[in-house]
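User: I'm new to this one and would like to learn how to read it. Could you walk me through it step by step?

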Amino acid sequence: MSQLFETLRDLIVTHWQKLIPILVSAFVGWFFGKRRAKQAWKNREFFDRLNFSLTTLIDGKLSIRTLVEKRCEEVFLNSVATETVIAKARQTTAADPVLQFDRDDTWYYLNAVLNELSERFSDGVVRRDLGMKVSSARYLICLTCETAGNIRTHKVRALVIQKQLLTNLPEEPPAFESPNHSTRWETIKLLATIYKATPHRFLEMELCQ
């Protein structure tokens, strides 16, 4: 053990000028990382998280359920793509909560979301292929970051909603499971308008169960 300490001491004495910048850089990175984490918690901002949120109407009541939540980098599989998603999330507004990418790039981001959902609902596709009875529906997906209303946490959401519902929303607001869900209803109405004007910002898929 003493020989190990002597070896370490010799290394430090010999290379201390090279070690100082490394230690300083590590400390600065730790300090600012900790600071950003504290600020994000204070503001309830978790833009590195991607929440897959199913929104539907059940017996006249708005239902919001999380299908899965993952780190953005686990879905988009590329640090540049992840950084772009986070940057676009910060640019959303109350009037337009949908992340806006270059038109040619939109499909690639939404397809990553589609792949994640497809994997989780793959059993239904196989059962149908085997001739078993299943239920299916067409869904629209888009990437959002809601900033209006009483949003408790700000994060990127892959919003999943039946196409039939989004294109035929009732005029009267539904009942809400929570008062905070009124914000989601306003978001859904905005999405219906945005989908009519710019359908390329959405991706249609079939879910089978």
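User: Among the elements of the protein, which has the lowest mean pLDDT and which the highest?

Analyst: pLDDT is the predictor's confidence in each residue, from 0 to 100. Here helix 1 (residues 2–43) has the lowest mean, 51, and helix 6 (residues 163–166) the highest, 97. Helices (H or I, at least four residues) and strands (E, at least two) are DSSP runs, numbered from the N terminus. Over the protein, the mean pLDDT is 83, with 76% of residues at 70 or more.

Keep in mind that this is a predicted model, where local features need pLDDT of at least 70, side-chain atom pairs count only at pLDDT 80 or more, and totals for chains, interfaces and linings use all residues. Residues are numbered from 1 along each chain as its sequence is written, and side-chain values use heavy atoms, leaving out hydrogens and water.

User: How many helices and strands are there?

Analyst: Seven helices and six strands, running α-β-β-α-α-α-α-β-β-α-β-α-β from the N terminus.

User: Is arginine 201 buried or exposed?

Analyst: Buried means under 20% relative accessible area, exposed over 50%, partly exposed in between (1.4 Å probe, protein chains only). Arginine 201 has 9% relative accessibility, so it counts as buried. Its place is the loop between helix 7 (181–197) and strand 6 (203–208).

User: What does arginine 201 touch?

Analyst: A contact means heavy atoms within 4.5 Å. Leaving aside residues up to four places away in sequence, arginine 201 touches several residues, including Asp96, Leu110, Cys142 and Ile194. Also, a polar atom of its side chain lies 3.0 Å from the backbone oxygen of valine 98.

Technical notes. A polar contact is a pair of N or O atoms within 3.5 Å; within protein, one must be able to donate a hydrogen and the other to accept it, and residues adjacent in sequence count only if both atoms are side-chain atoms.
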